[in-house]
Amino acid sequence: MQLALFAGLSFIPGFFWLWFYIRLNKVRPSPKRWVALTFLLGMLWSVPAGIINTATLPDDLLTGTVAMSTFAVSMLLVVGPLEETCKFLAVRLGAYRSSYFTEPVDGLVYSTAAALGFASLENVGYVLQFGPEVLLARGPLTTVAHLVFASLWGYGLSVHQRSDRKRPWFVAATLASAALLHAAFNIASFSITYSWISMLIVLAGGIWAYRRFEWGQRISPLRFRRNYP
């Protein structure tokens, strides 16, 4: 019963931030079933990411005893690229291929849902492994960080989708940027001296994502039309 309670609490930060950002999509809100499905797909894609991380990373990576150089290489070459690619595939193979990915803001909506689903199941794993107190750090900080990273390639998908001349290179560039930022956040969090950098990344990135949602509403082709059912 206690484990089930802790697992349930692990989803609260993800649900809160999903509500906070998705409510910004007011011109033509994305279908709730697709948002929920993308959240679920983000959760599911965290499983192969976790398996690959476990199989390829040093066993003592999270104990604080591994050398900084080893930790940094692991973040740059494995964790950052792998986790962002998994979240990206949750959207690219799902909502992006549906008839509901039509608005400039949709890339941000679905990337947010996938990232928070991914982070929520990741939270469950950390809570079961290290105890519920880990949520004090992961809830307000790391969960939002996943959203921030994903907002980069979510924006890339939006630009690609609405452009007359498709821009796959831009999507690839934003995905690579998300992986690099993800790695930088983890590296900064690992160091007590530079942990303030991780907080700055989340603060600046959260504001940037908020502004991107406003951008999507501002340039929507439906912004002057009545939103009929």
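View 1. Glu84 is buried, at 0% relative accessibility; here buried means under 20% relative accessible area, exposed over 50% and partly exposed in between, with a 1.4 Å probe and protein chains only. Lys87 is likewise buried, at 0% relative accessibility. A salt bridge joins Lys87 to Glu84, with the closest N and O atoms 2.6 Å apart; the term requires a side-chain nitrogen of Lys or Arg within 4 Å of a carboxyl oxygen of Asp or Glu. One salt bridge is found in a search of the whole structure. Because Lys87 and Glu84 are three residues apart in helix α4, about one helical turn separates them. An α-helix has 3.6 residues a turn, so residues three or four places apart point the same way. Helices are DSSP runs of H or I with at least four residues, strands are runs of E with at least two, and both are numbered from the N terminus. The model is predicted: local features need pLDDT of at least 70, side-chain atom pairs count only at pLDDT 80 or more, and totals for chains, interfaces and linings use all residues. Residues are numbered from 1 along each chain as its sequence is written, and side-chain values use heavy atoms, with hydrogens and water left out.

**View 2. The largest nonpolar core and the surroundings of Phe149.** The largest nonpolar core has 44 residues, and those with the most contacts inside it are Val91, Tyr110, Phe149, Trp153, Leu157 and Phe213. Such a core is a set of buried Ala, Val, Leu, Ile, Met, Phe, Trp, Tyr and Cys residues joined through side-chain atoms within 4.5 Å. At least two residues of this core come from each of α2 (12-22), α3 (32-56), α4, α5 (106-130), α6 (135-162), α7 (168-190) and α8 (195-218). The largest share of this core, 11 residues, is supplied by α6. Another core, of seven residues, lies apart from it and includes Leu61, Phe71, Val79 and Ala183. Contact means heavy atoms within 4.5 Å.

**View 3. Helix α3 and Thr38.** Helix α3 has 25 residues and reaches 36 Å from its first C-alpha to its last, close to the 36 Å expected at 1.5 Å a residue. The expected span is 1.5 Å times one less than the number of residues. Buried in α3 are Trp34, Val35, Thr38, Phe39, Gly42, Met43, Ser46, Ala49 and Asn53. These buried residues pack against α2, α4 and α5. Thr38 has a relative accessibility of 0%. Beyond its neighbours within four places in sequence, Thr38 is in contact with Val91, Ala95, Tyr110, Ala113 and Ala114. Thr38 and Leu116 are 78 residues apart along the chain, and their C-alpha atoms are separated by 9.6 Å.

**View 4. Helix α7 and Gly156.** Helix α7 has 23 residues and reaches 33 Å from its first C-alpha to its last, close to the 33 Å expected at 1.5 Å a residue. The buried residues of α7 are Phe170, Val171, Thr174, Leu175, Ala178, Ala179, His182, Ala183, Phe185, Asn186 and Ala188. Gly156, in helix α6, is buried at 0% relative accessibility. With neighbours within four places in sequence left aside, Gly156 is in contact with Phe170, Val171 and Thr174. The C-alpha atoms of Gly156 and Trp169, 13 residues apart along the chain, lie 9.3 Å from each other.

**View 5. Arg212 in helix α8.** Arg212 is located in helix α8 and is buried, with a relative accessible area of 18%. Apart from neighbours within four places in sequence, Arg212 is in contact with Leu108 and Tyr155. Arg212 and Val105 are 107 residues apart along the chain, with 7.8 Å between their C-alpha atoms.

**View 6. A nonpolar surface patch.** Val73, Leu76, Leu77 and Leu180 form a nonpolar patch on the surface, together having about 390 Å² of accessible area. Patch residues have over 30% relative accessible area and no salt bridge, with like charges joined within 9 Å and nonpolar side chains (Val, Leu, Ile, Met, Phe, Trp, Tyr) within 5 Å. Areas come from the Shrake-Rupley method with a 1.4 Å probe; for residues, only the protein chains shown count as cover. Helix α4 (residues 68-92) gives the patch its largest share, three residues. Val73, in helix α4, is partly exposed, with a relative accessible area of 46%.
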